[in-house]
Amino acid sequence: MRLLNKDNVLLEVKNLKTYIETSAGLVKAVDDVSFNIKKGEIVGLVGESGCGKTMVALSIMRLLPEPHAKIIDGNIYFNGLDILKLSEDEMRSIRGNKISIVFQDPLTALNPIMTVGEQIVEAILSHQQLDKKEAWRRAIQLLRIVGIADGNVIVNQYPFRLSGGMRQRVMIAIALACNPVLLIADEPTTNLDVSIQAQILELIYNIRNTSGTSVLLITHNLGLVAWLCDKVYVMYAGKIVEEGPCENIFVNPSHPYTKLLLRSIPDVSFVREKLETIEGEVPNLIKVPKGCRFNPRCPHVRDCCKKVEPDLIEVSANHYARCLMWDSTFNVEWR
Amino acid sequence: MFDTSENTMWNSKKEEAEEISVNELRTMLLTLRRSRTATFGFIYVITIIAIAILSPVISPFDPYVQNLSKRLEPPSFPHVLGLDEFGRDVFSRLINGATISLLVGLEVVLLALLIGVVVGTVSGYYGGKVDMIFMRIADVFLAFPSLVLAIGIMAVVGPSIFNVVLSLAVVTWPHYARVIRSQTITLKKMDFITAAIAMGASKKRILITHIIPNTVPPVIVLATLGMGSAILAEAGLSFLGLGVTPPTPSWGSMIASGRDYILQAPHVVIAPGLMITITVLAFNLLGDGLRDALDPRLRG
Amino acid sequence: MLAYIIKRLALAVPVFLGVSIIVFVLMVSTPGDPVLVRIGLDPNVSPEKVESARRELGLDQPIHIQYIKFLEKLLQGDLGYNIRTGRPVVLDIMETLPNTMTLAVTSLLLAITIGIPAGIISAKKQYSKVDDFVSVGSLLAASMPNFWLALVLILVFSYWLKLLPISGYGTPLHLILPTIALGGALAGTITRFTRSNLLEIIRQDFIRTAKAKGLKDRVVIFKHALKNAYIPIITVIGLQFGTLLAGAFFVEVVFAYPGIGRLAVQAILQKNYPVIQGVILVVSISFVLINLLIDIIYAYIDPRVRYE
């Protein structure tokens, strides 16, 4: 059993289950997921598109698209308080205030007919009592923090006139408006040019360093994670399949899926014969495979994998993998 | 001659396109069943079409036969909806009026679609000067409130079923042309069109075999909703005396002639109006359902 | 912005010309000898008078010259003469057009006052019984023939309940029933359009962002969703104004309301062709102007268009 130093833990997600009703069936997007984020920590949540990562973020914010998506089970403790039990009003005082989120596509995530300044000021004034002048001053200050120097000009612009990178900075400014203690970044750089990606990531890193804000970075790109994160959780088909300190994951990847993810990162630093891909298709979250969910695509699959669903098994200190290879009862199969 | 392996690739793209169309229709029907209101619309439409077709057989009385001694009798057995100002059976006149209204509606929609599809696809596909000219013409027609222009035309050419169909088609085609032009422009950019061009298909052939069949789903929606509008328009024209001429039973003219007796015999006015409302409602519910079924975002 | 307005005005000119051509075509297609039609159907008129009238009216000229003459007169405000009364058609129209516009505006206001809130409630409570009720109800309103609704209203409120006058003009009471009859269908249409627009907007990402800021539901709907919805709604209102004007023809007839529609319908019965054409022309030009106005308003409120 793992023990957590409760004083240090900012967010603890315990056995979260979020299911979605669709016309094709019940999608088990988040199926018994547990993780925690300590104060000042940058945590990475990695996985392919469609594995349920965004649903985790929306569950924490309680912004699930109702009425089809619901949190079925589990607890989410924020500073010791179970936020799943809060009323909507209480939750609203946390959103944008203590916990903020930055979404993937900054063009569609900003209101097209409001200026950027109006949207930042709105975020500021929703949780703070300032007069308008102060709020606008703070907005320009926030823009400077996120790397936009001529904030007083940008503040009067409409989103469609700004570049993708600038829009994402604006989104981050909005998220920082009320000095949140936890920032959730859901694929914050996916739609941006590679050069801008680096800048945005550096910005997030600096935010943590200067304000001690914890960050949950959600992405499918393990490369970003290596750069930025203290701790990593790898997600597959609605479940956490590997977790551990960032270094351990990269130096000693223990789940076959993680290994494949690592190998498929496009890396121009050395020449490979061919670009590695992971065989097979993204798993069906309605009819999950029997046994280990990764078995249809696993290059190391054995018979036991198709029958037994593994728990998270300790590989080394604080490093766990959901694979029977590490289970003392079954690992004979791989000798 | 082309290498056969290339041929199969282009052919499979063509099949893909045809499959899109067939699949869309199939999905439309399946999604339709799920909506209660659309199903009601569907059932009612089928029923009223059957009634209209079978009207000579199922009509309990001759809609033209007058019985002046029993004018304006209220509903009672066997005249379930009473008699009108000439002693004619209202129920029978309603049934026969259905035939007229549905027939006019169908003809208007078909004619307007014929013109609209041709103009829309040609305009959208060829673009350039042709597009500009056609759309300018459409704009001029669209500058008139539709019914106002139809009234104007009917005032000049005189009331008759043929003229009603013509004038309504004339004011309706521009709406259809615009929608289909949009659809064509979207289709034009799709892969299977590029494939067909690469295979050397002529523009005319592409239009006929690829573009037009793929406009079928939105055309079905337009046609269904168009029936509702056409029925309302015909009723309006007949009400003003500019549509179907008496003694031919039309729901609109029934309301017009019954109007003077509305105090003594409200049933003569209420019955045809109710028929119009429910029939148009049914077509609209069905059309709405079909439109939702087509919308990719709303499909599960 | 100014460039946009000028561009729209310039594009409207060929449309005006096209409208005038169509009305001219209608005019020359009227049955019977056009001279007799214009100067009155008195059979005892002498042939010399007919000939001189023909020359006066320019009817011995080729068609395109006639059209030019027609256009000239149009631009001077000459719409011909009422066959029955001999008065200039322009006068008849100036007497009746304001009444129709009054009716149209009140109907529009009624439709918006009912339609937009109904659409909002329906969208907020999607999938609920309220939504079903409003959806079907609005479609029902849009499926009813307005002249029939008018008659039913008269039957119930004027005859049975004796609350409101049957017909005529003068007091606000005279406006109530015609407004309901004319605006009812539009209320249904606006409800449906508002609802479908809002539903689409609510699904967009920026709404999720607004909620993520911790804003109250009311703020999200009114400030973020609705403000975006107004833009297409205003466009639809412009287009529907034409339907209102056309509907006025029927409603005015039923209520004997002295508007331009009733004028036209009476003229049709009398075969008073100059009046008919004058009305069609004026109604269409009004429609084009209103849509032009809507386009300009639209450009003003949508920043994406303003900056083009």
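Me: Which residue is the bridge partner of Glu243(A) in strand 12 of chain A?
Reply: Strand 10 (residues 239–245) and strand 12 (residues 319–321) of chain A pair in the antiparallel sense over two bridges, where strands count as paired if DSSP finds at least two bridges between them. Strands (E, at least two residues) and helices (H or I, at least four) are DSSP runs, numbered from the N terminus. Within this pair, the bridge partner of Glu243(A) is Tyr320(A).

Me: What pLDDT do side-chain atom pairs need in order to count?
Reply: Residues are numbered from 1 along each chain as its sequence is written, while chains are lettered from A and ligands numbered from 1 in the order in which they are written. This is a predicted model, in which totals for chains, interfaces and linings use all residues, local features need pLDDT of at least 70, and side-chain atom pairs count only at pLDDT 80 or more.

Me: Which strands of chain A stand at the edges of the eight-strand sheet?
Reply: The eight strands form an open sheet of mixed pairing, in the order 6-7-8-3-9-10-12-11. Each edge strand has a single partner, so one side of it is left without a neighbour in the sheet; these are strand 6 (99–102) and strand 11 (313–316).

Me: What angle does the direction of helix 1 of chain A make with that of strand 2 of chain A?
Reply: Four strands of chain A form an open antiparallel sheet in the order 2-1-4-5, and strand 2 (25–38) and strand 5 (81–82) stand at its edges. Strand 1 (residues 9–22) pairs with strand 2 over ten bridges in the antiparallel sense, and Val9(A) stands opposite Lys38(A) in strand 2. Helix 1 (residues 53–61) packs on this sheet, touching strand 1, strand 2 and strand 4 (69–78). Angles run from 0 to 180 degrees between N-to-C directions, and the one between helix 1 and strand 2 of chain A is about 70°.

Me: Why are helix 4 and helix 10 of chain B described as they are, and by which word?
Reply: The axes of helix 4 (residues 90–126) and helix 10 (residues 216–239) of chain B come within 8 Å and cross at roughly 130°. Angles under 35 degrees count as roughly parallel, over 145 as roughly antiparallel, 65 to 115 as roughly perpendicular and the rest as oblique. The two helices of chain B are therefore oblique.

Me: Which helix of chain C supplies the largest share of the side that touches chain A?
Reply: This contact takes 19 residues from chain C and 25 residues from chain A. Helix 9 (205–212), helix 10 and helix 13 (303–306) of chain C each supply at least two residues. The largest share, six residues, comes from helix 9.

Me: Which element of chain C has the lowest mean pLDDT?
Reply: The pLDDT is the predictor's confidence in each residue, from 0 to 100, and chain C averages 86. Where pLDDT is low, the predicted coordinates should not be read in detail. Among the elements of chain C, helix 5 (residues 89–124) has the highest mean, 93, and the lowest, 61, belongs to helix 2 (residues 34–39).

Terms used:
Two residues are in contact if their C-beta atoms, placed from the backbone, lie within 7 Å.
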